Amino acid sequence: MQDTVILGIETSCDETAAALFRGPEMIHHITATQLVHTSYGGVVPEYASREHNKLLGPVVRGVIEQADMSLSDVEGIAVTQGPGLAGSLLVGLSYAKGLALGLDIPLYGINHIEGHIFANFIGQETLPTPFLCLLVSGGHTQLIHVENARDYTLIGQTRDDAAGEAFDKVARLLGIGYPGGPLIDKMSKQGNSRFHHFPRSSFEGSYDFSFSGLKTNVLQYISKQDSEFIKLHLPDIAASFQEAVVDVLSMQTMKAARDLGHDRIVLAGGVAANSRLRERMVELANEHEKILYQPDMRYCTDNAAMIAYMGYWKAGSQGSDPLDIAAVPNLKLSFGG
Ligand SMILES: Nc1ncnc2c1ncn2[C@@H]1O[C@H](COP(=O)(O)OP(=O)(O)OP(=O)(O)O)[C@@H](O)[C@H]1O
Ligand SMILES: [Mg+2]
C-alpha cells in the first residue's frame with residue numbers, strides 16, 4: 001500500500017484540480033482556477049459545474065502526461081465527496097467513478113475539510129497528532145482538537161461568517177474585487193494596520209468567533225467617509241480590517257492552546273495563506289514556545305494534492321468506498337471524539 005499510485009481529483013468549488021501521488025509523496029499536481037466567475041464577484045454554481053466538466057479531462061490528462069505516466073499506472077482514485085457545491089462535486093465524483101470502474105481500481109471518497117487539515121503533512125508517513133487546528137477557509141472557521149486522523153473535537157467555531165467569507169465580502173464593499181482574501185492581503189502590505197481600530201469580537205467562556213459585526217462596522221465606517229478619502233486610504237482601511245481578523249483568529253487560537261495544554265498548532269484552509277496571519281502566528285508560537293505548522297502556500301486554497309494525500313491515508317486505514325457513494329454538499333467532520 002505504501003507505494004500505491006493514487007490520482008486525486010478536487011472539484012468542490014471553483015478550482016478544477018488533479019494530483020498524482022506515489023504513497024505520501026506528490027509526483028505532480030495541477031490546479032486550474034476558473035476565471036469565469038471574476039466578473040460576477042463570486043462563484044456562480046452553474047458556471048462552476050460547466051467549467052469543471054470542460055476542464056477536468058484536460059487537467060487529469062495533463063497531470064498524467066507531465067508525470068510521464070499513463071492512466072494504467074494509476075492504482076486508486078481519491079475524490080472530494082463534500083462539502084462543496086452539489087453540481088461541482090457531482091462532476092468530479094462521476095468522473096472518478098467512471099475511471100475507477102473502467103480501470104477496475106479502488107475509489108476513495110474524501111472529506112475536503114480533512115484534506116485542508118492534513119495538507120500540512122503532505123509527503124509524511126506519520127502525523128504529529130494530537131494537535132490544535134485553526135481551520136480558516138471560505139466556508140469554515142473552526143478550532144479543532146485533532147486526536148488522530150479519525151478523531152476530532154470541535155472547540156470553537158464562527159457564529160456567522162467564515163473568515164474567508166469576511167475577506168471576500170469586505171473586499172466587495174471596498175470595491176477591491178474578487179477573490180477578496182488575496183487582494184486584501186496584497187493591498188494591506190502598502191497600508192497602515194493601525195489607521196483605524198475595528199472592533200474585535202469575543203465571547204466570554206467560549207472559543208467561538210464572529211465576523212459579521214466586523215463587516216457591518218467596515219460598511220458603517222466607509223459610508224461616513226467621502227470617496228476621495230476612501231480612495232486615498234484604501235490600503236490603510238484594508239490593513240486595519242485584516243489586522244482585526246488576524247487578531248481575533250490568532251488570540252483565540254493561542255488562548256485555546258494555552259487552556260487545553262496543546263503544544264502543537266496547525267493552520268489550515270485558504271485563509272492560512274494570509275501573510276499577516278502567518279507572520280503573527282509565528283511570533284506568538286515563538287513567544288509561547290508552541291510548535292507551529294503552516295501549510296505550504298500551494299496547499300492552502302483548494303487543490304487535489306490534499307485529496308490524493310488523504311487517499312493515501314484512507315487506503316492504508318479504512319479501505320475503499322463503493323461506487324455508489326453520493327456527493328454530500330454539507331459533509332461535516334465527524335466530531336465527538
Ligand atoms: N492571502 C489570503 N488572505 C486572506 N484570505 C485568503 C487568502 N487567500 C485565500 N483566502 C481566502 O480563502 C478562501 C478560499 O479558501 P478555500 O479554498 O479553502 O475555501 P473554500 O474551499 O471556498 O471553502 P471550504 O474549504 O470551507 O469548503 C476565500 O475566502 C479567499 O478569500
Ligand atoms: Mg476549501
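Let's start at the ligand. Three helices, α3 (112–118), α4 (163–173) and α5 (180–188), each supply at least two residues of the shell around ligand 1. Helices here are DSSP runs of H or I with at least four residues, strands are runs of E with at least two, and both are numbered from the N terminus. A residue is near a molecule or strand if its C-beta atom, placed from the backbone, lies within 6 Å of it.

A word on the source. This is a predicted model: local features need pLDDT of at least 70, side-chain atom pairs count only at pLDDT 80 or more, and totals for chains, interfaces and linings use all residues. Residues are numbered from 1 along each chain as its sequence is written, while chains are lettered from A and ligands numbered from 1 in the order in which they are written.

Back to the shell. Which residues come nearest to ligand 1? Of the 24 around it, they are Gly-138, Gly-139, Gly-164, Gly-181 and Gly-270. By class, the shell has seven nonpolar, 13 polar and four charged residues. Nonpolar means Ala, Val, Leu, Ile, Met, Phe, Trp, Tyr, Cys and Pro; charged means Asp, Glu, Lys and Arg; the others, Gly among them, are polar.

Why does ligand 1 lie between the domains? Because domain 1 (5–120 + 299–317) and domain 2 (129–294) both give residues to its shell. Those bounds come from an automatic or database domain assignment.

Now the domains themselves. Their C-alpha centres lie 27 Å apart.

Next, an open sheet. Five strands run in the order β3-β2-β1-β4-β5, with mixed pairing. Pairing needs at least two DSSP bridges between two strands. β3 (25–33) and β5 (107–111) stand at the edges with a single partner strand each, so one side of each has no neighbour in the sheet.

β1 (residues 5–10) and β2 (residues 15–22) run antiparallel, joined by six bridges. There, Ile-9 stands opposite Ala-18 in β2.

Last, a hairpin. β7 and β8 form it, with two residues between them. β7 (residues 141–148) pairs antiparallel with β8 (residues 151–157) over six bridges. Ile-144 has Leu-154 in β8 as its bridge partner.
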